Amino acid sequence: MNEKFYGRHFPNATKSVEEIQKKFALVLLNDHPAISSPKPYVPNMLDVAGLHIPEKPKPLPQHVGKILNATSQGFIYVAIGNPYPDNVMQRILQQFQMLNHTIVWNTNHSPSAKLRIPRNVKFYPKISHYAVLEHPKCKLLISEAGFLSVIESIHYGLTILGLRNIYGKPGEFFDAVEKIKTGISVKLGPNSLKDNHIYWSVVELLQNENYTKLAKIKSLQLRDQQNTPMQRAIFGIEYVLRHNGAAHLRNLRQNLNSWQFYNLDVWLILCLVVLTVLAIFYMIVYFCGKVVRKAYRRKYKND
């Protein structure tokens, strides 16, 4: 846990970060091997990636559902709530206009009246995000490549195009590099508005079947679980409450100080042993050399 983060959000805390870390009864991790890589967790650490995804999403408005169902080639879903500046938005819309697919843009605000919106781009304020993602005709997710967006794209078996920090505004987004390596996403940066990079990236993700196949495989790996993330989280919380903190599940490392954890006392003894051996070796060499020098001098005098 970052000390600055801890101090900013808990300014009146009476315990240090180290003291808090030693008393964690349960850790719910937004992680899963299908998302990152296998890790050796202890029993009080539970993978609950996708915990925020509802089992039954809020339904879409009837008129929106009709438009989505009527799309012949499917639709592309843009989940970027806060629009970019007008000049950036217009360049993005120009590239969307070149596509044959319908673009469904879920936004928190109505688009600027100054924008020239193509016919194939539909802006809908605050529609059900998860209902759009699970729609059978959804072909691609375009977002800011946040960590939750990556989890959602994997959960629903969708490829994802990440427009990360597209106009240079600082942001803290999930590093999608590992996801790119798995072949289910493409990440674009500040130069995305040049040379129709967005358009060609969308075409690549839609036409190359390898992206879709890998996304479906990742989705099966994530969904194939004994119980849901919510059920796992609830059981873990209730278990800890039933057993007064469930100290028996904690890593014993929490009870060790730095000297014990890093075996500094053992290393210190080993260093002393090595130094002692070196000192003895040095003394032996020194005295042997002294004896040899005396013998040489005596012989030299006799000669």
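Predicted model: local features only at pLDDT ≥ 70, side-chain atom pairs only at ≥ 80, totals over all residues.

Student: What makes α6 count as largely enclosed by the rest of the structure?

Tutor: Count its buried residues. Helix α6 covers residues 147-155, and seven of those nine are buried, so the rest of the structure largely encloses it. The buried ones are Ser-149, Val-150, Ile-151, Glu-152, Ser-153, Ile-154 and His-155. For the chain, 36% of the 303 residues count as buried.

Student: Why are α6 and α9 called roughly perpendicular?

Tutor: Their axes are 7 Å apart and the packing angle is about 95°. The label covers 65 to 115 degrees, so α6 and α9 are roughly perpendicular to each other.

Student: Which residues of α6 and α9 meet there?

Tutor: From α6 you have Ile-151, Ile-154 and His-155, and they meet Ala-215, Lys-218, Ser-219, Leu-222 and Arg-223 of α9. Sorted by class, that contact of α6 with α9 has four nonpolar, two polar and two charged residues.

Student: How do you know that Ala-49 is buried?

Tutor: Buried means under 20% relative accessible area. Ala-49 has 5%, so it is buried. You'll find Ala-49 in the loop between β2 (45-47) and α3 (62-70).

Student: What is Ala-49 in contact with, leaving aside neighbours within four places in sequence?

Tutor: Leu-29, Asn-30, Asp-31, His-32, Ile-35, Ile-151 and Pro-229. Ile-151 is one of the buried residues of α6. Glu-152 sits 103 residues along the chain from Ala-49, yet their C-alpha atoms are separated by 9.5 Å.

Student: What meets what between α4 and α8?

Tutor: Ile-92, Gln-95 and Phe-96 in α4 meet His-197, Ile-198 and Tyr-199 in α8. By class, that's four nonpolar, two polar and no charged residues.

Student: What makes the phi of Lys-126 worth a look?

Tutor: Most residues other than glycine have a negative phi. Lys-126 has a positive one, near 55°, and is not a glycine. Lys-126 is in the loop between β5 (121-125) and α5 (129-133). Exposed means over 50%, and Lys-126 comes in at 63% relative accessibility, so it counts as exposed.

Student: Where is Asn-244, and is it buried or exposed?

Tutor: Asn-244 lies in the loop between α10 (229-242) and α11 (258-261). Its relative accessibility is 75%, so it counts as exposed. Asn-244 also has a positive phi, about 55°, although it is not a glycine.

Student: Last one: where does the label "transmembrane region" come from, and which residues carry it?

Tutor: That comes from UniProt, where an unreviewed entry places the feature at residues 266-289. In the model, that stretch is 100% helix and 0% strand, with its end C-alpha atoms 34 Å apart. The label itself is the record's, and such annotations may be inferred rather than shown by experiment.

How values were computed:
Residues numbered from 1 in each chain as written. Heavy atoms only, no water. Helix = DSSP H or I, 4+ residues; strand = E, 2+ residues; numbered from the N terminus. Contact = heavy atoms within 4.5 Å. Nonpolar A, V, L, I, M, F, W, Y, C, P; charged D, E, K, R; others polar. Buried < 20%, exposed > 50% of the residue type's maximum accessible area, 1.4 Å probe, protein only. Axes fitted to C-alpha atoms, helices over the stretch in contact; angles between N-to-C directions. Parallel < 35°, antiparallel > 145°, perpendicular 65-115°, else oblique.
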